[in-house]
Amino acid sequence: MIACLAEPLTLTSLNANYSLINQDNLANIFAYAFERHYCAQISFEQSEYASFLMKLIHETRTSPTIAIGDQNEKLSCPYHIIFTLTLKALPYLLSKTKIADRAKLLCLVATASFKDFQLFIKEEAVKYFGQSSGSLVVLTNPDIVYRYSLISNRFIKENIGNPKWMSDVVRFEDLNGLELTVSTFNCSIFSQIGPLDSNGHPKWIYGVEIDFLHLLSNRLNFTYRIVIPTDEDKRGFINEQGMWSGGLLKLVGEKQVDLAFCGILLTDYLKMSSIEFAPPITKICHKFLVPRPVLLTNQVFGIFKPFRTHLWAFITATTLFMALCFRWIADISREIPTIVSRQNSVYRKYPKSLFIVWAILFGNFPKSLVTKGPLRHIVTWWALFCMLMSACFASSLISHLTTPTYSEKMDTLKELVEQEYFWTTNTMLDFRGIFNLEDQWQREWIKKFFLSSADEENQLIKQKAKMAVFGGQLDDAFYVYDDICPSCLRAYEVSSQCISSHTTGFILPNGSPYKNIFTHFVRIFQERGLFIKKFRDISDKEALKKQYIREVVVPKKRTIVWRQQLELDNIIGIFYAFALGILVSVLVFLLEWTI
């Protein structure tokens, strides 16, 4: 963690700070920042105050004893203490100190004005922390700690000088077998519970949040009884009148249970209610599963795919023009007495001339050009042009016919609305918190929603209805909130549009005496990366049974080698060379005519 304090010190202010900080202050800061694991590396600038603080740290009575090492030693400690005289010196030490990712920081700075310190927190401090977590403290007021949260990426102000802070931890370390009433239900990787006995105890449990509760119950010596909501909408939401609709949210709001969890989205509207929140445990990006692109096997017009439409039009116009050229030269050649060629007479009729031009285009080249007379040059250039175009067409055609072609993927809510898709869930959602109601297409998409049972939802998927599936993406895995047939979802993949992102966590009734203890231990798990590890471990296990969890995240189109239709710009050089050849042929013909 981090504790900070700064400003240039005079002799008078230095002596004043000596009286402000003492062993009790440091012990309290260490208990908060280090969570009773006292092994820390120290970085500091040489000063009289630093010597005083080092002496005070060594004299501070902690249990267990703190292990100290300076910046030149290599200790495998998860914590790092940095202290300076001024706030201006802190960024330099932070940038020069090699702190391992996920390490906790404790920054101690001698003094700082309130304005400078607030500015430092808002604009500069965050960029130096990276993957580190910590708490900032100004030693002129050692009871105030600004704790940096990795999930919310901001500093949270807490008063650790309040005796209630330490008493809460001590008081809750042993709950003497107290039974807590907990509300949850089966919801993806967050909570899975087996059948309940008569006392509300599950035969088995599985999931990140329920495992955390079970681990905490063993550590703090309490038991828990699970209450599953009986409402059709087990999660519940706040209606427009500000009333609970039902589900576990209503149980918490009416203080019928001590704690509730089930991947609850901590939306702004929920935060404005009377419910208490523990720190969030993860962040989820809300997305939809959409049908995977389908392989298109019917390629009736596949032969025309190598060239774009405008290129086909240009080739057609060139062919018609060449037929006119053949006819024009054949007509003029009759007036030249030195030229006698019966074969040239066939070019004097436009249909036959056009037929010959098409024949050459399709590869029926003349066996001899000697008898063509004045046409021999222009026929040669046309034959060369046709050979080059045929080579381009053949190579592109092979690529198009042998590469799979897929239907277009619907990737946005606009496309889903226009294609008349719909969506459904088994529990009511807080549309105001999840969607942006100012966006036209998000409003239209909400109108496509209806509430259904799990059986109805599975039946619609099996019938291949025009339906999208709502869920959330966490790292490289996607989870649906409803109990959907795993094999059915292999026909879906994740859309790229993230509707919104929300954190999830535990909720408690207003004024709950258990909020502080859950806040404390959730923070410990969060900052040590235990929630992240638990999510990844369960994802790996789930992916073995439900392969779609990872499969739907990888778009099918990613495996396709995309083909490009040739445009005029791609082969414009062939047309330039051909035009030059035709110009030379006409000049040669005119010279033969005049001579």
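**A working chat on strand β14 and its surroundings**

A: In this predicted model, strand β14 pairs with strand β19 (residues 492–494) in the antiparallel sense over 3 bridges. Strands here are DSSP runs of E with at least two residues, helices are runs of H or I with at least four, and both are numbered from the N terminus. Two strands pair if DSSP finds at least two bridges between them.

Q: Which residue is the bridge partner of Val 290 in β19?

A: The bridge partner of Val 290 there is Glu 493.

Q: What should I know about the numbering and the model?

A: Residues are numbered from 1 along each chain as its sequence is written, and side-chain values use heavy atoms, with hydrogens and water left out. Because the model is predicted, local features need pLDDT of at least 70 and side-chain atom pairs count only at pLDDT 80 or more, while totals for chains, interfaces and linings use all residues.

Q: Which other strands pair with β14?

A: Strand β20 (residues 500–504) pairs with β14 in the antiparallel sense over 5 bridges. Strand β17 (residues 467–474) also pairs with β14 in the antiparallel sense, over 5 bridges. Cys 285 stands opposite Ser 501 in β20 and opposite Gln 473 in β17.

Q: Is β14 mostly covered or mostly open, and how many of its residues are buried?

A: Strand β14 is mostly covered, with 8 of its 10 residues buried. Buried means under 20% relative accessible area, exposed means over 50%, and partly exposed lies in between (1.4 Å probe, protein chains only).

Q: What about Lys 287?

A: Lys 287 lies in β14, which spans residues 282–291. Lys 287 is buried but has no salt bridge, and the nearest side chain of opposite charge, Asp 411, is 8.2 Å away. Lys and Arg count as positive and Asp and Glu as negative, whereas His and the chain ends are not counted. A salt bridge requires a side-chain nitrogen of Lys or Arg within 4 Å of a carboxyl oxygen of Asp or Glu.

Q: What is Lys 287 in contact with, leaving aside its neighbours within four places in sequence?

A: Its contacts (heavy atoms within 4.5 Å) include Phe 470, Gln 473, Phe 478 and Val 494.

Q: Back to Glu 493: which residue forms a salt bridge with it?

A: Glu 493 forms one with Arg 292, and the closest N and O atoms are 3.0 Å apart. The pair links distant parts of the chain, 201 residues apart, with Arg 292 in the loop between β14 and α10. Both Glu 493 and Arg 292 are buried.

Q: And Asp 411, where does that come in?

A: The side chains of Asp 411 and Lys 409 meet in a salt bridge (3.5 Å, N to O). Asp 411 counts as partly exposed because its relative accessibility is 22%, while Lys 409, at 15%, counts as buried. Salt bridges that share partners join Arg 292, Lys 409, Asp 411 and Glu 493 into one network.

Q: How many salt bridges are there in the whole structure?

A: A search of the whole structure finds 10.

Q: New topic: which residues touch the most other members in the largest nonpolar core?

A: In that core of 87 residues, they are Trp 445, Ile 507 and Phe 518. Apart from it lies another core of 33 residues, including Phe 307 and Leu 354. A nonpolar core is a set of buried Ala, Val, Leu, Ile, Met, Phe, Trp, Tyr and Cys residues joined through side-chain atoms within 4.5 Å.
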